[in-house]
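Me: I would like to learn how to read a few features of a protein model. Please take them one at a time.

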Amino acid sequence: MILGFYSQALEEAQKAIQQLFGKIKDIKDKAEKSEQMVKEITRDIKQLDHAKRHLTTSITTLNHLHMLAGGVDSLEAMTRKRQYGEVANLLQGVVNVLEHFQKYMSIPQIRQLSERVKAAQTELGQQILADFEEAFPSQGTKRPGGPSNVLRDACLVANVLDVRIKQEIIKKFIRQHLSEYLVLFQENQDNKVNRWKYRSYQKFVQNDLSKIMRTRAKEIEVKLLLFAIQRTTNFEGLLAKRFSGCTLTDTVVCWLVVLQFMPAVLHSLLCAHRNLGELIDRFVGDFKAQGPPKSTSEDAGAVLPSCADLFVYYKKCMVQCSQLSTGEPMIALATIFQKYLREYAWKILSGNLPKTSSSSTGLTITSLLKEKEGSEVAKFTTEELCLICSILSTAEYCLATTQQLEEKLKEKVDVTLTERINLTGEMDTFSTVISNSIQLLVQDLDSACDPALTAMSKMQWQNVEHVGDQSPYVTSIILHVKQNVPIIRDNLASTRKYFTQFCIKFANSFIPKFINHLFKCKPISMVGAEQLLLDTHSLKTVLLDLPSIGSQVVRKAPASYTKIVVKGMTRAEMILKVVMAPHENSVVFVDNYIKLLADCNTETFQKILEMKGLKRSEQSSMLDLFRQRLPNPPSGAENNSMTLQTPTPEQESSRIRKLEKLIKKRL
């Protein structure tokens, strides 16, 4: 019964679907018939629209043709009668109408009308030139009773004609009225450059003045040239106010002549006081003659005076050049500035940095014990340290001032040329001088400590019987720090950030070197390890205090520096603490090493075993156990390259407190 019910429902559904498809097909057929009917209705309307559009175009074209034909006839008649006032208005209209027939020039009648228009324009140009020549004869006086109204209307026509007609009229007029200057400015005449202000806007004047400037370039004075340009600019402004129109923009402006000879002008600018190359040479000579700046409390780390002289001279050149032009000459001047900025950086700054000597000679612990306090001398003298700091300060001043110079040049130069002003390379050069100076200071103090570290690594630490005060090598290092750092700090007082850089770079150089020398101290007895731990803590204290050591004003060391010292020296302390730990229980020893050092490098572990003085067989078994106790390395990683997570600051602080308690207990 249930199956019969579902079968009946399925049949009814199928019938309903068939009926629905039938209705949809019926609707689709009706829609297609409606669409066809609409197309038939609108077909005639579209044809009417096309016919209307074509008819409108034809009527417009016929009207233009009628206007063109009538306009050409009237233009020819007015031209013969010299009715320039009517011609000026008609000619522009005819030319505009003729533009509509450019695509119909293949039609003979249209082409003929175009040729008649061109012929009328040519005739008008010849007539107007003849009228002007007749009205202004060669003697430069106007013909009595001349047709002033005719010439005025002729000027209106000239504005519509080819621009060459207008230029020819202006050229002939100027040549006639300024013919006397052709004689005055001959090359053999004793003329003055500032007279050229009366010949401002003439093409031939540019040629004549060019000859004069070319032959007498060495006699041109910058002040006179600037005076002449200023007077000419004022004269140009006066004419611009009095005479409107585009005449001034179509003629040659006087200062374009100067731009044509701007290399000579720049040469005059640079030689007005002294050539920049000679100026740099003078700086070099003065430095050799006077020597490095004297170290006093007042001028410690002062900027070299030559630096200020250079930029004052640059400013003078830039101001003078901007008065002449803000275009390509400013780009040329910027290029010259770049050249001598680099020369100053290498000849005056880098060239006078003290040279480092060969590697320092080693010192034994015995020699350190025999030396009296204060007898050790660093590679650089106090004067040399002051010189390095002075050069560093000068380089920083040059860096900042060069950036300002670039901004000023971009302000002065034309907006379209701004992107071509770029002194980044020169600023990088001064940054390099700063970096090299800091590196010299670091190397000097670092190398001064090398003999003490060498002496530390050569001591017989297995024979140390008791823990005493800090070892002589620590005293030697502290002595060098107290000798050098206050001098450097005082001389870099105006550039505090670079003193901080010096401290950071020294810590990053000294601490890894100290740890490497710790590994060379082998074998080490328990007492020897305790003494080294005491020495390490003393060095750590000195390093933390290094930025303000020897200063009456105690400042908190920068956090970035303190972090480096704490991290590095804590590692050294942990190494010694591991060395002090008993190794009889191998598992405990290995786990203690991993916990304290957070270092899974097998090479480091082996070095510590050597510091403890273990035999090869003991080292081998201990290394095997070490590899077994290591945490599971990441996929594809090896044990000897894996490093555990760095301890948190809280963990480091806890370890430091434990270490301090251990040291106090031992003492």
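The dialogue below covers helix packing, nonpolar cores and cysteines.

Reply: This is a predicted model, in which local features need pLDDT of at least 70 and side-chain atom pairs count only at pLDDT 80 or more, while totals for chains, interfaces and linings use all residues. Residues are numbered from 1 along each chain as its sequence is written, and side-chain values use heavy atoms, with hydrogens and water left out.

Me: At what angle do α16 and α18 pack?

Reply: Helices are DSSP runs (H or I, at least four residues), numbered from the N terminus. Axes are lines fitted to C-alpha atoms over the stretch in contact, and angles run from 0 to 180 degrees between N-to-C directions. Here α16 (residues 382-412) and α18 (residues 472-491) pack at about 35°, their axes 9 Å apart. Contact means heavy atoms within 4.5 Å; the residues making it include Leu385 and Cys389 of α16 and Ile487 and Ile488 of α18.

Me: Which residues touch the most other members of the largest nonpolar core?

Reply: A nonpolar core is a set of buried Ala, Val, Leu, Ile, Met, Phe, Trp, Tyr and Cys residues joined through side-chain atoms within 4.5 Å. Buried means under 20% relative accessible area, with a 1.4 Å probe and protein chains only. The largest core has 119 residues, of which Tyr344, Phe502 and Phe510 touch the most other members. Apart from it lies another core, of 20 residues, Ile128 and Leu161 among them.

Me: How many disulfides does the structure hold?

Reply: A disulfide is a pair of cysteine sulfur atoms within 2.5 Å, and the structure holds 0.

Notes:
Helix = DSSP H or I, 4+ residues; strand = E, 2+ residues; numbered from the N terminus. Buried < 20%, exposed > 50% of the residue type's maximum accessible area, 1.4 Å probe, protein only.
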